[in-house]
Amino acid sequence: MKRPFLRRALAGMALTLLVLAGCARTGSDAGTASASAPITPALIPAPATLQTGEGRFVIDDQTQVFAAGEPATRVAQQFVAYLTSAGGPALPAAQADGKGVIRFVLEAGGANDASPEAYTLDITPEGATVKARDERGLFYGAVTLWQLATQGDKGGVTLPALHIEDAPRFAWRGFMLDPARHFQTVDDVKKVIDAMALHKLNTLHWHLTDDQGWRIEIKQYPKLTEIGGCRIPAGDGGKDPKTGEPRPYCGFYTQDQIRDVVKYAAERHITVVPEINVPGHATAAISAYPELGSIDTPLVPSNEWGVFPNLVNVEEGTITFLENVLGEVVQLFPGTYVHIGGDEAVKDQWEASAREQARMQAVGAKTEMDLQGYLVERLEKYLAGHGKRLIGWDEILEAKLPPEATVMSWRGIEGGLKAARQGHDVVMSPSNKTYLDYLQTASPNEPPGRPALITLQDVYAFEPVPPELEESQRHHILGLQANLWTEHTRTFARLQHNAFPRLAAVAETGWTPAAKKDFGDFTKRLPAQLKRYDAIGLGYAKTPFEAMIATEDDRKAGTVKVTLSNPLGYAVHYTTDGSEPTSSSKAFAAPLDLKTPVTVRAAAFAEGRALAPAATFELTPAALLTRTDEAMAVCPDAGRLLLRLEDDGPADGERAIFNATIFYPCWQWNQADLDGIASIKVRAGRIPYYFQLAHDEPHRTFEPAKSPLGELEILGGGCKGTVLATVPLPAAPNADGFLDLDAPLPAGTTGKQDLCVRFTGDTRPQMWVLDRITLQPR
């Protein structure tokens, strides 16, 4: 575990859980609680219409809940359960309707074209009433009331009189969960489902198979989980720390567990869409049943990430196998859709296989993509015969596609545009806007992932219906979906960090009318949502709510210019004496000129409340000579596939994290002041190179090694500049997994230069990565 300088040391305890309790009454008998001001509604997603009225209604532990009929009673019970899970009172059931109660009313009628998810909510001094024509709408009305009831602080919650008429903009409001790379337990999945429900999301896409693991029990083919459900992680993570023996990473869901999850989701009006990925991303399946493959080389479930060449073949025996698998899948998932993947199916093995070339001729396929289209067509017919609709990633458009197939557009929106114009339904899920394994801020406290930023602002700004799409085809856009791939998401805590609060932005886009969306207003409502997250124990990301720092130091003068900021623009308050900042502390308004050493503590605030624990920055002359890998730039024009990678060990617990460009590993300290600097100390780690790049492999480059084990090179003037120092590399790091290298600079090296750090030699099977760099004075 590394602890380099300028890595934020977040201090303090978790934010206090919201507790709803008290003894207030409704109406004119509300006592002292009635004197409290009604809350200003801060709902996410924002409702279609909201009008405030006269008066107020107080919810406390004496408030009763009334519902008539089984569906309305179910919703009422869910509302009470969610309220108590957030620390609120356990509201008793009312035996009869009357003044001061919360009513859940399921009523027939309404416009025939009204969404089954629509509802109305009325709050008056006499009580609160949720009405809908369908249980789904009644549930979403209950969620809105739950949000209002969990918005206040301790004591009774005083709600303003209001009238809400609400319905979703899109029918598909989705989130994809990937247990194939890193597994989530059933309890974890249920926690995700509850969080989705409280955001009015209604589709869980479950990515159950991939190269790294097969996660669903198939009775007819037990080896899929016995063999395909286990892999040996790369490096130290795949070794027993006591014996050194291989330590497998395993996990799958039994069919009983699948039924349990599907039922749990359905009770919260969420449909689970399973994905069985073919013909690519199939290494785990082929490992279990080699006859499915397109080559004779034995395979094992992979411990690497990326794009693999392994495809299932398209012979009749394999199609029968896939139909048998889908036959069990459709019995477990009652929803309309089954996802068959279809993405990143590199055709090299089919091109080289005499059997597959013969199969192409036999089925009339002119190209390998046509052969994939033939497979998709066969699976679509099978699913249609079982009352299901096929959905796949946008690559399935590259061959003739059955009319009833639905397209999930991930490579931008272009596939979605093409599909809609061809008459196919579309779910928009572009990787540059809705992939939640991308980092959400530039904070060094972000967990491993893809450092290309997809901020909360980026997610919120995404519009699923492209303006260039013809009006006559816009009805084909079913909605949007966020995807969270878990190559780098090893723990459930990280999964929650990656998903929230960005999933709240997805929820608002999926529900709220486009004309009502406003990011500034969203950020005003977001602090209330954070209180709800705290109350239900949802581990959302604190990084968007941190105070961040940028420094510009003058070593000779012993000063530093400090700029403080928050990624979402919340006000930052700070101290320079080491004390805890409060909302009364100085607000940052302009860069600070400070004498070193100095301790700056800062936090972002909204409505007088710190949104994350205060960040502490120790600015000393010595510390300002160090940069961590996160603070280093990427060398320009030298291969920009930047990843935030986790070390391979220890097997359990926290691991070091490194930013590295895997196509050309280099790091650059722009305008480093080398006056008075005698040498440069580099602290490096080493991790397995566990990437499959398929046709991108030629883009991976490295500097040739000049000695058997390669060198550390320091260059001035950037990564195409002059070599200032070279240090031979050893065979291995030290016992702690790190290595400290000292690189003396040539005499007379002065001035500000762009310093480049790189390691020579092929990066496989182990790659050196930078932890931090320190300028060492004479």
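This is a predicted model: local features need pLDDT of at least 70, side-chain atom pairs count only at pLDDT 80 or more; totals for chains, interfaces and linings use all residues.

Let us begin with an open sheet of 3 strands, ordered E20-E21-E24 and paired antiparallel. Two strands count as a pair if DSSP finds at least two bridges between them; helices (H or I, at least four residues) and strands (E, at least two) are DSSP runs, numbered from the N terminus. The edges are taken by strand E20 (548–554) and strand E24 (592–595), each of which has a single partner strand, so one side of each lacks a neighbour in the sheet. On average, neighbouring strands here are turned by 30 degrees against each other, direction ignored. For such angles, axes are lines fitted to C-alpha atoms, for helices over the stretch in contact, and the values run from 0 to 180 degrees between N-to-C directions. Strand E21 (residues 559–565) runs antiparallel to E24 and is joined to E24 by 4 bridges. In one of the pairings with E24, Thr559 has Lys595 as its bridge partner.

Residues are numbered from 1 along each chain as its sequence is written, and side-chain values use heavy atoms, with hydrogens and water left out.

I turn now to the disulfides. How many does a search of the whole structure find? There are 3, where a disulfide is a pair of cysteine sulfur atoms within 2.5 Å.

Cys230 is linked to Cys250, with an S to S distance of 2.0 Å. Cys230 belongs to strand E11 (residues 230–231) and Cys250 to strand E12 (residues 249–250), so this pair ties together parts 20 residues apart in sequence. The torsion about the S-S bond of Cys230 and Cys250 is about 120 degrees, so the disulfide is right-handed. Cys230 is partly exposed at 23% relative accessible area, and Cys250 is partly exposed at 38%. On this scale, buried means under 20% relative accessible area, exposed over 50%, and partly exposed in between (1.4 Å probe, protein chains only).

Next, Cys635 and Cys719 form a disulfide with their sulfur atoms 2.1 Å apart. Cys635 sits in the loop between strand E28 (626–628) and strand E29 (642–646), and Cys719 in the loop between strand E34 (711–716) and strand E35 (722–728), so the link ties together parts 84 residues apart in sequence. Cys635 is buried at 0% relative accessible area, and Cys719 is buried at 9%.

A disulfide is also found between Cys719 and Cys756, S to S 2.2 Å. Cys756 lies in strand E37 (residues 752–759), so this pair ties together parts 37 residues apart in sequence. The link of Cys719 and Cys756 is right-handed, with 90 degrees about the S-S bond.

Finally, helix H9 (residues 354–363). Which of its residues are buried? They are Glu356, Arg359 and Met360. Just after H9, Gly364 adopts a positive phi of about 80 degrees.
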